[in-house]
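Reader: I am new to this one, and I would like to understand the words used to describe it. Could you take me through it step by step?

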Amino acid sequence: MSLKDLSKTSMNKSKRIFSGVQPSGDLHIGNYLGAIKNFVSLQKEYECFFCVVDLHAITVWQDPQQLAHKTREVTAAFIASGIDSDKNVLFSQSQVPQHAQLAWIFSCVARMGWLNRMTQFKDKAGKDKENVSVGLFSYPTLMAADILVYLATHVPVGEDQKQHLELTRDIAQKFNNDFKTDLFPVPEPLIFGEGARVMSLRDGTKKMSKSDSSDYSRIMLNDTADEIVQKIRKAKTDPHTLPANMKEAYKRPEAFNLLSIFASFNNKSTEDVVEQYAGKEFSSFKKDLADVIVDKIDPIGKEMQKLIDDKPYLDGIMKKGKEKAIYVADSVLSKVYDVVGFSKT
Ligand code: AQP
């Protein structure tokens, strides 16, 4: 997609997607199945802005020596997974200042009561509410700006992000009402079935996460084939054979999680996989599961490494993406400034 193509669509309400991934650690199969794999199919139908959201990442401490490297790693993961860097806009959030500028305006539109209801803040802050960053609390207003600064109409979201997208919709509507404009679309969620919530390999009730202290809780995109096999072998299960039906599967979180992961990698429904393995031993199922993960993830990990080693190539892609993103974001922000009444002198 060239700048010329973008200029045609930047202000119309065509089907446009924004989504982001934080460079807050090594990407895992939860990020892949819940987000990146879906991005690959969405690029056929939508104009897509895929962003490495480093401003979001610093809501919790990030090592400055590592952050730029992690940002490049996420970009490499997008491309290695099959996202076309010519057709889509791939860039890093901090390099497009319009996100932060619009976020400030939105923090004056959003209400304290709305943000107080965000369950992810409560989960992440835990008992330490007084000591977490202000950014962690206001994170959803930045997310709203990420989406709306491109007038995105659709947002692929995992279960965990549904509430934040609701808030984005509320902000778009309140802005439009307050300023008597129809500038912002009210973006629709795109929710995917299998893989929408991949759980920890150590605890089937906890989300698989980059920041979990145990490496054995997740499979990373840069794990070797041997590491993947080891992690699946050690994944927590229960003492029974595999569930006989879905009703039983729902009651056994670790078994359900592994069956869902298998389903997602094979583009099947969990129900079909439960039926396929009903009453079988975990040992043989785990072997099949490790095989399919290695088959899909190992080539991605190797391609990521090749891209990371080719710094000029990867940096060139990010630079091109940044220029395209700024081109659109700047035209939208300029309209917002007019609507809000900011003086341009
Ligand atoms: N376990 C998961 N299952 C399904 N989808 C997931 N996503 C993350 N974890 C899972 C989806 O991946 C996208 C990018 O996530 P993110 O990097 O923005 O942040 P996150 O959701 O906070 O991911 P982590 O791994 O849990 O990071 P930390 O530990 O840093 O907070 C999103 O679309 C998300 O839904």
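**Reading a predicted model**

Author: Gladly. Let us start with helix α5 (residues 98–107), where Gln-98, His-99, Leu-102, Ala-103, Ile-105 and Phe-106 are buried. Seen down the axis of α5, these buried residues fall within an arc of 160°, so they line one face of the helix. Please keep in mind that this is a predicted model.

Reader: What do the buried residues of α5 pack against?

Author: They pack against the strands β1 (16–21), β2 (47–52) and β3 (89–92), and against the helices α8 (134–148), α9 (162–178) and α15 (311–340).

Reader: What makes the buried residues of α10 lie on the same side?

Author: In helix α10 (residues 225–234), the buried residues are Ile-228, Lys-231 and Ile-232. They cover an arc of only 95° around the axis, so they sit on the same side of α10. The face turned away from that buried side carries the exposed residues Asp-226 and Arg-233. As for what covers the buried residues of α10, α14 (282–309) is included.

Reader: Why is Phe-78 called buried?

Author: Buried means a relative accessible area under 20%. Phe-78 has 0%, so Phe-78 counts as buried. Phe-78 lies in helix α4.

Reader: Which residues is Phe-78 in contact with, leaving aside its neighbours within four places in sequence?

Author: With those neighbours set aside, Phe-78 is in contact with Val-21, Ile-36, Phe-39, Phe-50, Cys-51, Val-52, Ile-83 and Leu-90. To be in contact, heavy atoms must lie within 4.5 Å. By way of another pair, Phe-78 and Asp-123 are 45 residues apart in sequence, and their C-alpha atoms are 28 Å apart in space.

Reader: How do you know whether Ser-85 is buried or exposed?

Author: The relative accessible area of Ser-85 is 13%. The cut-off for buried is under 20%, and therefore Ser-85 is buried. Ser-85 lies in the loop between α4 (64–81) and β3. Beyond its neighbours within four places in sequence, Ser-85 is in contact with Ile-79, Leu-90, Ile-317, Lys-320 and Lys-324.

Reader: And what about Asp-238, buried or exposed?

Author: Asp-238 has a relative accessibility of 18%. Under 20% is the requirement, so Asp-238 counts as buried. Asp-238 is found in the loop between α10 and α11 (246–250).

Reader: What makes the pair Asp-238 and Arg-252 a polar contact?

Author: Their side chains are joined at 2.7 Å. A polar contact needs a pair of N or O atoms within 3.5 Å, and within protein one atom must be able to donate a hydrogen and the other to accept it. The pair of Asp-238 and Arg-252 is a polar contact by that rule. Leaving aside neighbours within four places in sequence, Asp-238 is in contact with Arg-252, Ala-255 and Phe-282.

Reader: Why is Lys-180 called exposed?

Author: Exposed means over 50% relative accessible area. Lys-180 has 76%, so Lys-180 is exposed. Lys-180 is found in the loop between α9 and β5 (188–190). The phi of Lys-180 is near 50°, a positive value in a residue other than glycine.

Reader: How do you know whether Asn-267 is buried or exposed?

Author: Asn-267 has 61% relative accessibility. The cut-off for exposed is over 50%, so Asn-267 counts as exposed. Asn-267 lies in the loop between α12 (253–265) and α13 (270–277), and has a positive phi of about 50° although it is not a glycine.

Reader: How many residues surround the ligand, and which are the closest?

Author: 21 residues surround the ligand, and the closest are His-28, Val-198, Ser-209, Lys-210 and Ser-211. By class, the shell has five nonpolar, eleven polar and five charged residues. β1 and α2 (29–42) each supply at least two residues of the shell. The largest share, four residues, comes from α2.

Conventions: Residues are numbered from 1 along each chain as its sequence is written. This is a predicted model: local features need pLDDT of at least 70, side-chain atom pairs count only at pLDDT 80 or more; totals for chains, interfaces and linings use all residues. Side-chain values use heavy atoms; hydrogens and water are left out. Buried means under 20% relative accessible area, exposed over 50%, partly exposed in between (1.4 Å probe, protein chains only). The arc is that of the directions from the helix axis to the C-beta atoms. A residue is near a molecule or strand if one of its heavy atoms lies within 4 Å of it. Ala, Val, Leu, Ile, Met, Phe, Trp, Tyr, Cys and Pro count as nonpolar, Asp, Glu, Lys and Arg as charged, and the others, Gly among them, as polar.
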